[in-house]
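Morning, everyone. Please look at the model on the screen, and I will walk you through a few spots.

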Amino acid sequence: MKKQGFLYGSAILIVSAVIVKVIGALFRIPLANMLGGTGMGYFSAAYGIFMPVYAISATGLPAAAARAVSSAAAQGREDEVFEVRRTALSLFGLVGLAGTFIIVMGAYPLCKAVSGDIAAVPAVIAIAPSVLAGCLVSVYRGCAEGRRDMYPTAVSQVIEGAAKLIFGLSLCYGCLYIAKTSPLLFMRLTGCNNAADGALPYSAAAAVLGITLSSFAGLFYMMLRERREKSGRKSDRLSSKKKRTAIRRELLRTAIPASIGALVINLTSLIDLVTVMWSLKVLAARSPQVFSELLAGGVTAADIPNFVYGSFTGLAVTVFNLIPSVTNMFGKSMLPAAAAAKASGNRKRLGECAGGAVLASALVSIPAGIGIAVLAEPVLKFLFSSRELEISVCSEAMRVLGTAVPFVCISSAAFVVLQAADRADIPVKLMAVGAVIKLIGNIALTSVPALGVAGAAISTLVCYIFICIASLVMLKKYANFDIHGFGMVFLKIFSCGMLCGAGAFLVYNKLSDYGNNVVSTLSACLFGGIIYILSTYFTGIITKSTLKMLIS
């Protein structure tokens, strides 16, 4: 199999990520418009409870499989490559089953204890089986990525995205439609006593079920691909029991710290779920006048915490997550090369890998984050035009989250290289400290009347500023990263990003006088992008040859 280089592999993953994110936007935006803040609160509660368990069982697996496969392939041990996959599937399949069982059995007590609202229980149960599918598909993807073949990951992600769009929206719309037009049938199907009360919780669960089906669609593709690849393989001998035991130990040695790190990383969403909901309940009881606009808009006092949390996660966090999900592909594509450099003791090449991943993430995330910050409300109105009340709740929070985007993206790239450099423990430790900062910040800021849910965004920003700086320092120590050289480049990129944001802001303000938000927002984004490309070229950040290479 021909190995794909960093830029080529990144291009494959980025194109697929862009496609998936476009599909994801086509899913999340109509979903938010259908469910509103309250329904998205149930949807997000299921994700907040699900993600930590999913992170333990699945997130560390691609890194473990990719590392083991890339090491074996680099030394020409082809039989071991297939044995790694076989061993990983059996080992992590059991982990996936255990994770699914834990979520199903713990759905009610988790919802009761964490969010205080059992209406999210159907959605939590609906998402549980995707833990098993996620474990298995992650093994297939990690093995392919370990051989620097990014096509299987890219194609399976697109398949998952398309299936999620089709199944998720169809099931959610169908559930809402039945609840509205045939309430007796809806009550018979769901077992609830009132169709009006059960419409949003069960519709959110139907959307989540679509996500579960999509994860199995991606797994089905990877299994078909493996079957076809296996039929053309000359050798598929079983290794000795001793060898399989050694492979299991190596997989667990990488997967356990990576999964713990992913658990800590995803604890931030669980922290938001617990602390934001609790703080909003306290704030609503202490200062109900803060939510007078929501009460006037028809939101009941009891539903205010869930409505605000759903608006924050369903609108602002959805937009915030778009950029990191794309830039993460730089680090993901760099992992095999960085691992190979570490294995061969080539510190210079390891430093180049670190610099490339961090620089690529910075180039994309800085202008995007500044753009989100300066155009927060126009972007929300462009995407969620029918949800004015939800936008009024989360627009300020989104401005702050936009500022946090570069720090999230750069630290994620640094984490991947640190894992390749055999220091997977460092991201875990940094994220643990970040989670503490996030927890303290949420409790201290979210209940402040002047801030509300924007306090959670501020704590996210402070958390990731610390993590980003600390991760770059660790990258310098363990991966030969030129932190001083990057500091100068970062200042240049930041200056170009500020020009981009200023240009976009001025264009929007000028065109918004004519009253068309769609035209004004798109024109502002286009103009800001042109300014950024030109400014990075003229300041020497991107040379002519680099531009040609990236375009090709």
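Axes here are lines fitted to C-alpha atoms, for helices over the stretch in contact, and angles run from 0 to 180 degrees between N-to-C directions. Helices are DSSP runs of H or I, at least four residues, numbered from the N terminus. This is a predicted model: local features need pLDDT of at least 70, side-chain atom pairs count only at pLDDT 80 or more, and totals for chains, interfaces and linings use all residues. Residues are numbered from 1 along each chain as its sequence is written, and side-chain values use heavy atoms, with hydrogens and water left out.

First, a helix pair. How do α15 and α17 cross? The axes of α15 (residues 388-420) and α17 (residues 454-479) come within 8 Å and cross at roughly 25 degrees. So α15 is roughly parallel to α17 (angles under 35 degrees count as that).

Next, N480. This residue sits in the loop between α17 and α18 (483-511). Most residues other than glycine have a negative phi. N480 is not a glycine, yet its phi is positive, about 60 degrees.

Last, V104. V104 lies in helix α3, and V104 is partly exposed too, with a relative accessible area of 36%.

Definitions and conventions
Helix = DSSP H or I, 4+ residues; strand = E, 2+ residues; numbered from the N terminus. Buried < 20%, exposed > 50% of the residue type's maximum accessible area, 1.4 Å probe, protein only. Parallel < 35°, antiparallel > 145°, perpendicular 65-115°, else oblique.
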